[in-house]
Amino acid sequence: MTNKTFYITTPIYYPSGSPHIGTCYTTVACDSIARYKRMQGYDVMFLTGTDEHGQKIEEKARESKVTPKQYVDEIAKIFKRLWKTMNISYDRYIRTTDDYHVEAIQKIFKELYDRGYIYKGEYKGKYCTPCESFWTESQLDENGCCPECHREVTQASEEAYFFKMSPFAKRIEKLLTETDYLRPKSRAREIVNNFIKPGLEDLCVSRTSFSWGIPVTFDTKHVVYVWVDALFNYCTALGFENSRYNDYDKYWPADVHMVAKDIMRFHAVIWPAMLMALDMPLPKHLAVHGWITFNGQKMSKSMGNVVDPFILSERYGADAIRYHILREMALGADSSFSNEIMINRINSDLANGLGNLVSRTVAMADKYFGATLPTYREAGEFDDELIAKATALRNKVDEFIDNTQINNALAEIFRVISRANKYIDETTPWILGKDESKKARLASVLYNLLETIRITTTLLSCFMPAEMPKIWEQIGASADDVTYDAAGRFGVLPLDVTVHRGDIIFPRIDVEKEIDELNAIIGNQSDDTGSTVGFEPEKLREEITIDDFAKADLRVALVTKCEKIKRSKKLLCLQLDDGMGGRQVVSGIAEWYKPEDLVGKKVMIVANLKPVKLCGVESNGMICAADMPDGTCKVIHPDDALPNGSRVR
Ligand code: ME8
């Protein structure tokens, strides 16, 4: 371990709504960079967490008839489960309700007050509760709504403390325009023109109209504005103004804060201003990425276009999902998500590109040399170019990572993978294999391919940590062969390396069949996701007539047999006596029910749903179930006296 440190942070997430594939982007991106830096020998601190105070959370908890603390406790669990599913290697997880953070924020607020940067006044203006943002009349959109999320704002008028922004305007403008703090640079001009040039307004930093926040110690009817509470998490999690940790001197200032564009303003203007007020060093970089969009809108649960990361990673593996979102998003720009683009990307890059390269190379080494390469060699045409590209790759990837350009790093690695596949076509090992006198040449070709696989997969292991070790096993690479140092050299594997044929790493997906199955799941979300965040009753759907309802044929049925579907952790296959000769239904409830829990029980089914195949098993209808506050769900059991097949009206 060197004494070089590297500190990277994600935003801390609001515990509201279901996490979706967009939610995962920042954390997956930070995780990949953290893993890369660890591989380079840095002492890394990778921080994530949940932002648990504020009016929005107080309101949600009230609607759900639980305390705010009960509400956030449940949702923090869901985030931790999500990060486990996505293989996120965070070093520390902060919850802003943690005692040490609360204590530190109180000291920080008091210090800002004592330094004269916070004063008492009256706030009059508009407040967007979903965004926890104050707006002036002139900042509202053309409909008088929040300029960020375009939802309604409320009139707020209350005694409040304010933070003086104007003393820092000049320094912030310099930070944004003359340094490499904000990436990409194009966004810096946007901030300067929209917020700094018109004159920085003082920021309202306390609220009195609700209580779910950190009390101001010297005026306890006020709670600290949630963004002040939230931004300082990056320091309190290291032990700043608290005794829980002792890492502030070691890791601060942060090397990279990564955030999406909607919270750029807070991190580009308000955050540096508050640090300046406390004479603290500023973070080195703020990397701002765009949104993952769906049908042109920011993906979010309330817009009804969520794509569930739990379902997707169960179907394709977390590595494939990580790869897809990282590869699609260029820093600063939005990236549009669709299941079809994702599946095509997995097929072209992971199945046809990388997977194929590995399986062809290992199969040929096995076939022509009984798995162990001989030590004789014969160099030939095309070798130099492949070797040069593979050897130069690591330094190029280093540069992209240092500039937070993950998509470019991946594109560069996959260029070398494509080059290796082309090398197979150029050198035609299957022809060399037929001729005893060409064995030395064949051994060279296969060795060069194995080396290229070793280098590319070593680098890729930071982005796709689950699958690469399986490839190393197949190509006979030991732990010493897949280090950062070894990724910069060609010729590391022993000359007489032994390969081990194994499973296909990224199997090809049948696009049409897969899309059908995904569509069935989308129409059936509450059954299959297992990730619906509780406490937030779904909004009522659009009104329908009695005739619309009559189209759905709901029936009572008895479960006669039930078993798990082998390829899925979530699906159960149920045989039902439906009073009409029987039927088979597949349901996404395996996480919550053992097959024996359901046999002999009555259930309610949607009987006239178009049949679909889920994980290759035919499903004729749907079992009705309802969401639980903790994100699980429960099957609805009708009265035992009801005959099988009776209609539910
Ligand atoms: O803003 N595309 O929390 P948050 C890409 N608590 N990234 C997305 C995304 C999408 N569709 N949706 C969410 C907050 N994100 C505050 C932060 S930090 C001191 C306080 C990502 O849960 C993106 O990184 O609303 C965004 O910045 C983050 O989720 C947090 O959003």
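The following exercises, with solutions, concern a predicted model.

**Exercise 1.** Determine which strands stand at the edges of the open sheet of 6 strands.

*Solution.* Start from the strand order, which is β3-β2-β1-β11-β12-β7, with parallel pairing. β3 (92-95) and β7 (182-183) each have a single partner strand, so one side of each is left without a neighbour in the sheet, and these two are the edge strands. Helix α3 (residues 68-85) packs on this sheet and touches β1, β2 and β3. The direction of α3 makes about 160° with that of β3.

**Exercise 2.** Describe how β1 is joined to β2.

*Solution.* Strand β1 covers residues 5-13 and strand β2 covers residues 43-50. The two run parallel and are joined by 7 bridges. As an example of position, F6 has V44 as its bridge partner in β2.

**Exercise 3.** Find which backbone atoms lie close to polar atoms of the ligand, and state how much of the ligand the protein covers.

*Solution.* The ligand is surrounded by 22 residues, the closest being I12, Y14, T26, D51 and I292. A backbone N or O atom of I12 is 2.8 Å from a ligand nitrogen atom. For I292, a backbone N or O atom is likewise 2.8 Å from a nitrogen atom of the ligand. A polar backbone atom of A260 lies 3.2 Å from a ligand oxygen atom. On its own the ligand has 670 Å² of accessible area, of which the protein covers 93%. Elements giving two or more residues to the shell are β1, α1 (21-39), α7 (226-231) and α8 (233-236).

**Exercise 4.** Classify I387 as buried, partly exposed or exposed.

*Solution.* I387 lies in helix α14 (residues 383-402). Its relative accessibility is 25%. Buried requires under 20% and exposed over 50%, so I387 counts as partly exposed. Leaving aside neighbours within four places in sequence, I387 is in contact with N448 and F490.

Methods
Residues are numbered from 1 along each chain as its sequence is written. This is a predicted model: local features need pLDDT of at least 70, side-chain atom pairs count only at pLDDT 80 or more; totals for chains, interfaces and linings use all residues. Side-chain values use heavy atoms; hydrogens and water are left out. Two strands pair if DSSP finds at least two bridges between them. Helices (H or I, at least four residues) and strands (E, at least two) are DSSP runs, numbered from the N terminus. Contact means heavy atoms within 4.5 Å. Axes are lines fitted to C-alpha atoms, for helices over the stretch in contact, and angles run from 0 to 180 degrees between N-to-C directions. Buried means under 20% relative accessible area, exposed over 50%, partly exposed in between (1.4 Å probe, protein chains only). A residue is near a molecule or strand if one of its heavy atoms lies within 4 Å of it. A polar contact is a pair of N or O atoms within 3.5 Å; within protein, one must be able to donate a hydrogen and the other to accept it, and residues adjacent in sequence count only if both atoms are side-chain atoms. Accessible areas come from the Shrake-Rupley method with a 1.4 Å probe; for residues, only the protein chains shown count as cover.
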